[in-house]
Amino acid sequence: MTALPLSQDQIDHHNSARREGLEDDYASLGRALSRRGVDLDAIKRKVQEFSIATPSWATGRGGTRFAKFAIPGEPTNIHEKLADCAVVQQLGRSTPRVSLHFPWDQADDYAGLREEGAALGLGFDAVNSNTFQDQPGQEHSYRSGSLSATDSGVQEQAVAHNIDCIEIGKTLGSKALTVWVGDGSNFPGQQDFTRSLDRYLDSTGSIYAALPDSWRMLLEHKMFEPAFYSTVISDWGSSLMAAQELGPKAQCLVDLGHHAPNVNIEQIVARLHRVGKLGGFHFNDSKYGDDDLDSGSINPHQLFLIFNELAEAQERSPEAFDPAYMIDQSHNVTDPIESLLSSAEAIVSAFAKAALIDRDALHAAQEDNDPMLAFQALRAAYRVDVSPLVAMVRLEAGGAIDWLSAYRQSAWRERKAQERKPVALGAGIV
Ligand code: AFD
Ligand code: MN
Ligand code: MN
């Protein structure tokens, strides 16, 4: 039994006023593409198969270390977060799975939570462990590190937490554990770079040993924050080194905000795929650092170039291509549901544009050392307005043609503001 959060009648009614216009735009796009020898319906089938996971932690307002400005009707527990993710999925139809974070998303009954998700039209993606914060009643503090801590009691506690996450994930139907640690240092000399990596590998080795065969362990690197001089898994080199030492089930996760400024992320994507270690993504956008801004809001071209590399990787070795796509953002000034819908649309659009690239023309230009022709092969696809295609996929799957107006018409947030407990004042990055 499914019990979707919004009235489907209302969405259908919303669509009926816009359907004709969309069909017209879709047909016109189809004609323009067919002149180039591209079959829009074939591209549509690819877009229909593409999906992204939403992060439970991004359904509440995020903040900075200065402040967090909550909005009325924010979710206050995992059940309410799931309901909000279901709204995103019902309107947008490209985010059928949720990625949970523990212990933030602790529940009494995970089998029940799985059923609750299924009833809302949601499955569960990678589970995320949290050893970057202390929890009330916890025996050891993570103030001096977690998986790479010098104190073996701290290490053991961090390992045990990750194994707990795997157990919860098994009940939920997840297939991956994402590990990001805040471990690192603020002062030169504070930490021995080599020994801290050794300790991290020791701990992650114990977690890896508890990983079911069908699972993946996604190692997420991050250059800085909360540690500001060095982090233990700072970059894709360290991440790759760790994934290679751990074994085939360990792969690298690329969070778009976790690199040095101006780093060529798309090239990292190609490199990681080349060695079979491209595990997945945390999509977001950034201007300065790990800003966790909405995907595609600052640099949509970078997102397109990443999807170009993904399209290339998939074409080259489809059997070894299965990246986990997730969003990881902090919505500090918007309604998180709107940001998730906007971000998912930006990601799907980048995927769709990359699917339009004439790869034969691109490869030929590369072989001929013709930079302008190669660049124009990309540009020709990037220039296409794929919004009628993305909206058509949404409509055919039961979503809303204009998700923003449909969402606002539903008054979901206003209704939740009457039902949900207010969020306490505070600061904090999600
Ligand atoms: C961190 C990482 C990581 C983590 C998240 C928590 O991006 O994915 O789980 O923030 O909010 O910066
Ligand atoms: Mn992340
Ligand atoms: Mn981050």
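1. Two residues are in contact, or touch, if their C-beta atoms, placed from the backbone, lie within 7 Å. The model discussed here is a predicted one.

2. Lys81. This residue is found in helix α4. Leaving out residues up to four places away in sequence, Lys81 touches Ser56, Thr59 and Pro75. Is Lys81 buried or exposed? Lys81 is buried, because 25 other C-beta atoms lie within 10 Å, and the cut-off for a buried residue is 20 or more. For a distance across the model, take Leu219, which is 138 residues from Lys81 along the chain: the two C-alpha atoms are separated by 25 Å.

3. Glu74. The position of Glu74 is in the loop between β1 (53-55) and α4. Glu74 counts as buried because it has 21 C-beta neighbours inside 10 Å. Which residues does Glu74 touch, not counting those up to four places away in sequence? They are Gly60, Arg61, Arg420 and Val423. Gln190 is 116 residues from Glu74 along the chain, and the C-alpha atoms of the two are separated by 40 Å.

4. Helices α4 and α11. Helix α4 covers residues 78-92, and its axis comes within 10 Å of that of α11, with a crossing angle of roughly 40 degrees. Because of that angle, α4 is oblique to α11. The crossing of α4 past α11 is right-handed. On the α4 side the contact is made by Asp84, Val87, Val88, Leu91 and Gly92, and on the α11 side by Ile337, Leu340, Leu341, Ala344 and Glu345. Sorted by class, the residues of this contact between α4 and α11 are 7 nonpolar, 1 polar and 2 charged.

5. Helices α10 and α11. Helix α11 (residues 336-355) also packs with helix α10 (residues 300-316), at an angle of about 50 degrees and with the axes 8 Å apart. Given that angle, α10 is oblique to α11. How is the crossing of α10 past α11 handed, left or right? It is right-handed. From α10 the contact draws on Pro300, Leu303, Phe304, Phe307, Asn308, Leu310 and Ala311. From α11 it draws on Ala346, Ile347, Ala350, Phe351, Lys353, Ala354 and Ala355. By class, the contact of α10 with α11 has 12 nonpolar residues, 1 polar and 1 charged.

6. Cis peptide bonds. The bond from Phe102 to Pro103 is cis, and its omega is near 10 degrees. Pro103 is in the loop between β2 (97-102) and α5 (110-119). Another cis peptide bond joins Glu225 and Pro226, with omega about 5 degrees. Pro226 belongs to the loop between β6 (216-220) and β7 (230-231).

7. Positive phi at Arg93. Phi of Arg93 is near 55 degrees, a positive value in a residue other than glycine. Where is Arg93 placed? Arg93 is in the loop between α4 and β2. Arg93 counts as buried because 22 other C-beta atoms lie within 10 Å.

8. Positive phi at Asp292. Although Asp292 is not a glycine, its phi is positive, at about 55 degrees. Asp292 sits in the loop between β9 (278-283) and α10. With 23 other C-beta atoms within 10 Å, Asp292 is therefore buried.

9. The chain as a whole. The secondary structure of the protein chain comes to 16 helices and 10 strands. Its radius of gyration is 22 Å, close to the 22 Å that the globule rule gives for 430 residues, so the chain is as compact as a globular protein of that length. Along its principal axes the C-alpha trace spans about 65 × 60 × 40 Å. What share of the 430 residues counts as buried? The share is 46%. Of the contacts in the chain with a separation of 6 or more, 79% are between residues 24 or more positions apart.

Technical notes
Residues are numbered from 1 along each chain as its sequence is written. Chains are lettered from A and ligands numbered from 1 in the order in which they are written. This is a predicted model: local features need pLDDT of at least 70, side-chain atom pairs count only at pLDDT 80 or more; totals for chains, interfaces and linings use all residues. Axes are lines fitted to C-alpha atoms, for helices over the stretch in contact, and angles run from 0 to 180 degrees between N-to-C directions. Helices (H or I, at least four residues) and strands (E, at least two) are DSSP runs, numbered from the N terminus. Angles under 35 degrees count as roughly parallel, over 145 as roughly antiparallel, 65 to 115 as roughly perpendicular and the rest as oblique. A crossing is left-handed if the near helix is turned anticlockwise from the far one by less than a right angle, and right-handed if clockwise. Ala, Val, Leu, Ile, Met, Phe, Trp, Tyr, Cys and Pro count as nonpolar, Asp, Glu, Lys and Arg as charged, and the others, Gly among them, as polar. A residue is buried if 20 or more other C-beta atoms lie within 10 Å of its own, exposed if 12 or fewer, and partly exposed in between; C-beta atoms are placed from the backbone. The radius of gyration is taken over C-alpha atoms; the globule rule is 2.2 Å times the number of residues to the power 0.38.
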